[in-house]
Amino acid sequence: MSAPSQLHLERLAYKRSRARRSTVVALLSTVVFAAAAWLTITNAPGWPRVQESFFDWEAAKKSFPALLDGLWLNVRVLVVCGILILVIGLGIAALRTLRGPVWFPLRALATAYVDLFRGLPLIICLYLIGFGLPGLRLGGIPNDPVVLGSIALVLVYSAYVAEVFRAGIESIHPSQLASARSLGLTHAQTMRIVVMPQAVRRVLPPLLNDFVAFQKDCGLISVLGAVDAVRAAQIESATSYNFTPYVVAGLLFVLLAVPSSRLADWASRRAARRQNAGGPGA
Amino acid sequence: MLEVRNLVKRYGTHQVLDGVDLDVAEHEVVVLIGSSGSGKSTLLKCVNLLEDIDDGRIVLDGVDISDPRTNPDHARRGMGIVFQAFNLFPHLTVLDNVVLAPKVVHKVPEEQARERALELLAKVGLEEKAKSYPDRLSGGQQQRVAIARALAYDPKLLLLDEITSALDPELVGEVLTLVRELAASGTTLLMATHEMGFAKQVADRVCFLDGGALIESGPPSQILEAPEHPRTQQFLSRIIQAGRL
């Protein structure tokens, strides 16, 4: 490689100076905007009251251990339900993509399931499962609000995830199926070995997006009385007549979501790169 | 080896294949020529049972594979097909692409299947790419892998569907050289192509399709140099005008 010419060096120097300039402008505008927002809020007539009841350091410290305990429950629900949702969602998606009249009942059932649980508001589903199921007083039905809440979450989110998987399965080009079948693979082998692995890779970004949404919706099991982070905040704020525990719980959920959000970003960047790298037929 | 009788295929009201009769004998190289839309690709896809047919019969090795009672998955095991757009599996390595069918469909032990796959990759000159993913390969290399994949389970009949049409001109040669070697080693080939020069050198028989019908067939010297049918003459004169023969 030969040394860059004078012309190119000048060009680089100019580009560098422009880059420096835009960094300075970005910093400045951020600072100005933040200062304006801060001043507007702190000069609002109700600010002292709001500060006292939402941002009380002592209340935050006092409620923190209970909130962390509650969050631990959320995390456990998240992991267990997350796995169940992936498995059930994939199963429903596979049922929905079955072809042929033999499978009509299963296909129709899967479609009805998705229609029902995507349409049903999560909070109503939680009430129906959480209060309705034990109300039947059948043997073997759990009474634990954590279990009942988890069932409702799994039912609703599996429907969403099934649709994400289905979109992925249907995005695989028919030529891939033709190619697999031409080698003598059966339909089931084609789905398992050729279609599913590609589909799952392709839908990883939207799947992680649903996961982030699911993380915070885990907090809704509190409406059934499960003592998770949200419920713990409710209890703490009821004893201290202060709303700060809600703010702390909210921050904890945000912190929980940050790694998943970054993971989702990374996954979609990687997916975009893969897509661009593929040539014809790839 | 292959007998096609009165094959009819329609897409809606459009008649793509209009009663085609075609025979391919063992070790024979049969080349299908004709303009785009003449039905060459559709004929190959019908033979591979990737398309439902609307009439006629396809017999492979004495078995009527167009009979709905024949299991298409079993019937396809005797054939290999290579597509215009390669259609390698992008999530599998080159080696796994080639190993897949022997391992999963033909239940060849993994070790043995890998050995055979490496042999085939060596044959197509891509042994060192075994661990690469298809998107790291050029079009010509991908197509050579696709050929190795189709050969991996020793099919009795190899179908080639315009396998050089999606390649840059300088990559066509490497793929055609490979096909020439296959033909020389006695592989039974049925191929659709626009490479007239290649057809002339390698084909035992050339079949001209037009509007879904087999218009004329015979040895390349006859079809490509002294065609009898006016439509074949017209087609070839356009090819010659374009400098492709």
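Biologist: If helices (H or I, at least four residues) and strands (E, at least two) are DSSP runs numbered from the N terminus, how many helices and strands are there in chain A?
Modeller: Chain A has eleven helices and zero strands. Along its sequence the pattern reads α-α-α-α-α-α-α-α-α-α-α.

Biologist: Before we go on, what kind of model is this, and what pLDDT do local features need?
Modeller: This is a predicted model, where local features need pLDDT of at least 70 and side-chain atom pairs count only at pLDDT 80 or more, while totals for chains, interfaces and linings use all residues. Residues are numbered from 1 along each chain as its sequence is written, with chains lettered from A and ligands numbered from 1 in the order in which they are written.

Biologist: Thanks! And how many helices and strands in chain B?
Modeller: Chain B has nine helices and ten strands.

Biologist: What radius of gyration does chain A have, next to a compact globule of 282 residues?
Modeller: Chain A has 26 Å, but a compact globule of that length would have a value near 19 Å. The radius is taken over C-alpha atoms, and the globule rule is 2.2 Å times the number of residues to the power 0.38. The C-alpha atoms of chain A fill a box of roughly 85 × 70 × 25 Å along the principal axes.

Biologist: What about chain B, with its 245 residues?
Modeller: Chain B has 18 Å, which agrees with the value near 18 Å for a compact globule. Its C-alpha box is roughly 55 × 45 × 35 Å, again along the principal axes.

Biologist: What share of the residues in chain A is buried?
Modeller: In chain A, 30% of the 282 residues are buried, and in chain B it is 49% of the 245. Buried means that 20 or more other C-beta atoms lie within 10 Å of the residue's own; exposed means 12 or fewer, partly exposed is in between, and C-beta atoms are placed from the backbone.

Biologist: Where do the buried residues sit in α1(B)?
Modeller: They are B:Lys40, B:Ser41, B:Thr42, B:Leu43, B:Leu44, B:Cys46 and B:Val47. Helix α1 (residues 40–47) of chain B is largely enclosed by the rest of the structure, because seven of its eight residues are buried. After α1(B) comes B:Leu49, with a positive phi near 60°.

Biologist: Which residues of α6(A) and α9(A) make the contact?
Modeller: From α6(A) they are A:Leu153, A:Tyr157, A:Tyr160, A:Val161 and A:Val164, and from α9(A) they are A:Pro206, A:Leu207, A:Asp210, A:Phe214 and A:Asp217. Contact means that the C-beta atoms of two residues, placed from the backbone, lie within 7 Å. These residues divide into eight nonpolar, no polar and two charged. Ala, Val, Leu, Ile, Met, Phe, Trp, Tyr, Cys and Pro count as nonpolar, Asp, Glu, Lys and Arg as charged, and the others, Gly among them, as polar.

Biologist: What about the angle between α3(A) and α6(A)?
Modeller: Helix α3 (residues 57–96) of chain A packs against α6(A) at about 45°, with the axes 6 Å apart. That makes α3(A) oblique to α6(A). The residues of this contact divide into 19 nonpolar, three polar and two charged.

Biologist: Last one: how many residues does each chain give to the contact between A and B?
Modeller: Chain A gives 22 residues and chain B gives 22 residues. On the chain A side, α7 (174–182) and α8 (187–202) are the elements giving two or more residues. That side divides into nine nonpolar, eleven polar and two charged residues.

Conventions. Axes fitted to C-alpha atoms, helices over the stretch in contact; angles between N-to-C directions. Parallel < 35°, antiparallel > 145°, perpendicular 65-115°, else oblique.
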